[in-house]
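Open the model in your viewer and keep the selection panel at hand. The stops below say what to select and what is there.

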Amino acid sequence: MDSEFKTGSDIFQCTQCGACCKGYGGTYVTEADITKISAYINCPEKTFVEKYCTKSGKKLILKQGPDESCIFFDANCTIHPVKPYMCRAWPFIKAVVDQPENWEAMGNSCPGIKKNVPQTILKKIVSMEIEKLNTRLSNFYRRAD
């Protein structure tokens with residue numbers, strides 16, 4: 001019996017509700033993210049980090065506004081063309097591969113996530129989507145060099 005779930009779009013359809021832009025944990029940013037976003041908003045990287053980032057452990061995250069939304073969220077993402085890796089990957093993240101039960105928890109706040117996906121299939125699809133994103137980004141950066 002084949003599963004009805006074969007691709008990322010079978011288990012996730014973004015509704016652009018902004019729920020993923022809000023809440024606990026914040027959005028981690030890589031050095032590449034900082035470079036892209038600061039160039040996009042025409043801000044020196046050092047100033048960008050001071051003004052728009054905060055530390056979470058050893059990592060930098062984007063600051064959040066008073067409503068706990070990402071500082072760059074205003075009804076929609078204001079930096080969408082250069083949004084951080086974490087945002088591009090959502091909800092296909094390593095935490096789901098490592099602990100598939102995270103998918104159900106994420107689905108409680110994200111209306112685009114299809115819940116009750118068998119864990120084996122879920123891990124396979126999420127791993128596949130992560131690989132696709134990483135390949136796309138790798139090819140993009142190779143062309144940019």
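Select E50 and K46 to begin: both residues are exposed, exposed meaning over 50% relative accessible area, buried under 20% and partly exposed in between (1.4 Å probe, protein chains only). E50 and K46 form a salt bridge, with the closest N and O atoms 2.9 Å apart; the term stands for a side-chain nitrogen of Lys or Arg within 4 Å of a carboxyl oxygen of Asp or Glu. Both belong to helix α3 (residues 45-52), and because they are four residues apart there, about one helical turn separates them. Helices (H or I, at least four residues) and strands (E, at least two) are DSSP runs numbered from the N terminus.

Two notes on the source: this is a predicted model, in which local features need pLDDT of at least 70 and side-chain atom pairs count only at pLDDT 80 or more, while totals for chains, interfaces and linings use all residues. Residues are numbered from 1 along each chain as its sequence is written, and side-chain values use heavy atoms, with hydrogens and water left out.

K94 is exposed at 55% relative accessible area, whereas D98, at 47%, counts as partly exposed.

Next, in helix α7 (residues 119-144), select K132 and E129, three residues apart and again about one helical turn from each other. The N to O distance in this salt bridge is 3.1 Å. Is E129 buried or exposed? E129 is buried, with a relative accessible area of 13%; K132, at 40%, is partly exposed.

Now colour helix α2 (residues 31-40) and pick out its buried residues: D33, I34, K36, I37 and S38. After α2 comes N42, which has a positive phi, near 60°.

Two packed helices are described by the angle between their axes and the distance between the axes. For α2 and α3 the angle is about 95° and the axes are 9 Å apart; axes are lines fitted to C-alpha atoms, for helices over the stretch in contact, and angles run from 0 to 180 degrees between N-to-C directions. The two helices are therefore roughly perpendicular, the word for 65 to 115 degrees. To see the contact (heavy atoms within 4.5 Å), show I34, T35, I37 and S38 of α2 against E45, F48 and V49 of α3.

Turn to the cysteines. The structure holds zero disulfides, a disulfide being a pair of cysteine sulfur atoms within 2.5 Å. For C17, the nearest cysteine sulfur is that of C110, 5.7 Å away. C17 is partly exposed at 44% relative accessible area. For C77, the nearest is the sulfur of C21, at 6.2 Å, and C77 is partly exposed at 30%.

Last, select S69, in the loop between β2 (59-62) and β3 (73-74). At 5% relative accessibility, S69 counts as buried. Which residues is S69 in contact with, leaving aside its neighbours within four places in sequence? They are C21, K22, K63 and Q64.

Note on methods: Parallel < 35°, antiparallel > 145°, perpendicular 65-115°, else oblique.
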